[in-house]
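Please look over the sequence and the structure first, and then follow the points below.

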Amino acid sequence: MPNPSDRWAVLAAHAASSKKAVDPVLLDVGDVLSITDSFVIVSGTNPRQVRTIADEIELQITEAGGPKPLRIEGLDDLRWVLIDYGEFVVHVFLQETREYYELERLWSDVPRIEWEESVSPR
């Protein structure tokens with residue numbers, strides 16, 4: 001993995017996947033975006049699942065000794081929860097919101113980080 005923070009981004013993807021997140025994707029945005037190294041993009045099929053995924057990501061990273069979020073936004077309506085860890089940012093979307101904003105298309109020129117074959121750092 002190119003960046004040390006990728007370890008935590010991979011754990012976030014694994015945590016999301018453990019709660020049946022839809023299509024977790026990791027993007028290496030560090031070369032084109034100076035404020036963070038990577039994005040983790042996942043979605044849930046309903047607001048309750050979005051909350052569960054966001055909570056699980058935070059829980060697993062904390063339990064593994066990882067960083068605390070600098071800020072969390074979107075917990076009020078659960079359509080797009082943004083968890084900002086500084087070195088990486090997690091986007092937990094409601095599926096239709098993810099389809100509307102198409103972040104993967106907007107960032108299609110950046111490399112994807114393979115995470116499924118990576119062993120979870122837990």
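Contact here means heavy atoms within 4.5 Å. In this predicted model, 61% of the contacts in the protein chain between residues at least 6 apart in sequence join residues at least 24 apart.

**The chain overall**
- The protein chain has four helices and five strands, and from the N terminus on these elements run α-β-β-α-β-β-β-α-α.
- The radius of gyration of the protein chain is 13 Å, close to the 14 Å that the globule rule gives for 122 residues, so the chain is as compact as a globular protein of that length.
- Along its principal axes the C-alpha trace spans about 35 × 35 × 25 Å, and buried residues make up 49% of the 122 residues.

**Helices α1 and α2**
- Helix α1, residues 6–18, and helix α2, residues 47–63, have axes that come within 8 Å and cross at roughly 135 degrees; the two helices are therefore oblique to each other, and α1 passes α2 in a right-handed crossing.
- On the α1 side the contact involves Trp8, Leu11, Ala12, Ala15, Ala16 and Ser18, which meet Ile53, Glu56, Ile57, Gln60 and Ile61 in α2.
- The residues of this contact between α1 and α2 divide into eight nonpolar, two polar and one charged.

**Glutamine 49**
- Glutamine 49 has its place in helix α2, and it counts as buried because its relative accessibility is 14%, where buried means under 20%.
- Leaving aside residues up to four places away in sequence, glutamine 49 touches Lys19, Lys20, Ala21 and Gly44.

How values were computed: Residues are numbered from 1 along each chain as its sequence is written. This is a predicted model: local features need pLDDT of at least 70, side-chain atom pairs count only at pLDDT 80 or more; totals for chains, interfaces and linings use all residues. Side-chain values use heavy atoms; hydrogens and water are left out. Axes are lines fitted to C-alpha atoms, for helices over the stretch in contact, and angles run from 0 to 180 degrees between N-to-C directions. Angles under 35 degrees count as roughly parallel, over 145 as roughly antiparallel, 65 to 115 as roughly perpendicular and the rest as oblique. A crossing is left-handed if the near helix is turned anticlockwise from the far one by less than a right angle, and right-handed if clockwise. Ala, Val, Leu, Ile, Met, Phe, Trp, Tyr, Cys and Pro count as nonpolar, Asp, Glu, Lys and Arg as charged, and the others, Gly among them, as polar. Buried means under 20% relative accessible area, exposed over 50%, partly exposed in between (1.4 Å probe, protein chains only). The radius of gyration is taken over C-alpha atoms; the globule rule is 2.2 Å times the number of residues to the power 0.38.
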